[in-house]
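Here's a quick briefing to read with the model open next to you.

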Amino acid sequence: MKIQVAIDLLTTQDALELAAKVAPYVDIIELGTPLIKAEGLSAIAAIKSAHPDKIVFADMKTMDAGELEADIAFAAGADLVSVLGSADDSTVAGAVKAAKERNKGIVVDLIGIPDKAKRAKEVIALGAQFVEFHAGLDEQAQPGYDLNGLLNAGIVAEVPFSVAGGVSIKTIGDVQKAGAQVAVAGGAIYSAADPAFAARELREALVQAG
């Protein structure tokens, strides 16, 4: 299973500094939607230039113009681009078309989708590389939230998937057991006093769980 760091910072410089600290321990570097909105596509290019050996994920959360938005992100250096699961099938298909032309990948983010397992199967059939079972920061802040809903959806869907929404050293073993291809850690890394140490702990916890 791969580890993906979600960088939800607001400047390219801060993103570069964080990426440099955690790169030895992660496989995928995700540029969060707030970062891309704040800094534009140049942030993607900067991260890919600094870390050409890493998979760079542009969390565009595309809802329309799938082919166009995916293509401009791929041209900037992204290896993976996200499209929202609530987007029309034609939007997903357009993004997949752009990905195939550049030998890249589309990840469909299922944030806000009630029946995640059902939609997961549909978008994989449309050509998505994998789906992301995702609970956003606002959802995670609600009383009673836990990761099990996402893990159960992944198990039921039986498609390639990642999990984002509360991944930590305490839960990464459960994410692996559920069959995820990717564990996405955001705040557990970038909010830590020592992000490099936090990322290394996640990697070690994953090895121990395996």
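What follows is a short tour, with the cut-offs given as each term comes up.

This is a predicted model, where local features need pLDDT of at least 70, side-chain atom pairs count only at pLDDT 80 or more, and totals for chains, interfaces and linings use all residues. Residues are numbered from 1 along each chain as its sequence is written, and side-chain values use heavy atoms, with hydrogens and water left out.

**The largest pocket**
- The largest pocket holds about 480 Å³ of space. A pocket here is an open set of points on a 1 Å grid over the protein atoms alone, where a 1.4 Å probe fits, with protein on both sides within 12 Å along at least five of seven lines. Volume is the space filled by probe spheres set on the points, which are joined across faces, edges and corners.
- Its lining (residues with an atom within 4 Å of a point) runs to 26 residues, and Asp8, His134, Ala135, Leu137 and Gln140 lie nearest the centre.
- H7 gives the largest share of that lining, with four residues. Helices are DSSP runs of H or I with at least four residues, strands are runs of E with at least two, and both are numbered from the N terminus.
- By type, the lining splits into 11 nonpolar, eight polar and seven charged residues. Asp, Glu, Lys and Arg count as charged, Ala, Val, Leu, Ile, Met, Phe, Trp, Tyr, Cys and Pro as nonpolar, and the others, Gly among them, as polar.

**His134**
- His134 sits in strand S6 and is buried at 12% relative accessible area. Buried means under 20%, exposed over 50%, and partly exposed in between (1.4 Å probe, protein chains only).
- Its contacts (heavy atoms within 4.5 Å) include Lys61, Asp109 and Glu139.

**Nonpolar cores**
- The largest nonpolar core has 62 residues, with Phe133 and Val163 among those with the most contacts inside it. Such a core is a set of buried Ala, Val, Leu, Ile, Met, Phe, Trp, Tyr and Cys residues joined through side-chain atoms within 4.5 Å.
- A second, separate core of nine residues includes Ala6, Ile28, Phe57 and Val184.

**The aromatic pair**
- There is one aromatic pair in the structure. Phe133 and Phe161 have ring centres 5.3 Å apart and planes at 75°, so the pair is edge-to-face. Rings of Phe, Tyr and Trp (its six-membered ring) pair if their centres lie within 6.5 Å; planes under 30 degrees apart are stacked, over 60 edge-to-face, and the rest tilted.
- Phe133 is at 0% relative accessibility and counts as buried, and Phe161, at 2%, counts as buried.

Technical notes
Lists of a residue's contacts leave out its neighbours within four places in sequence.
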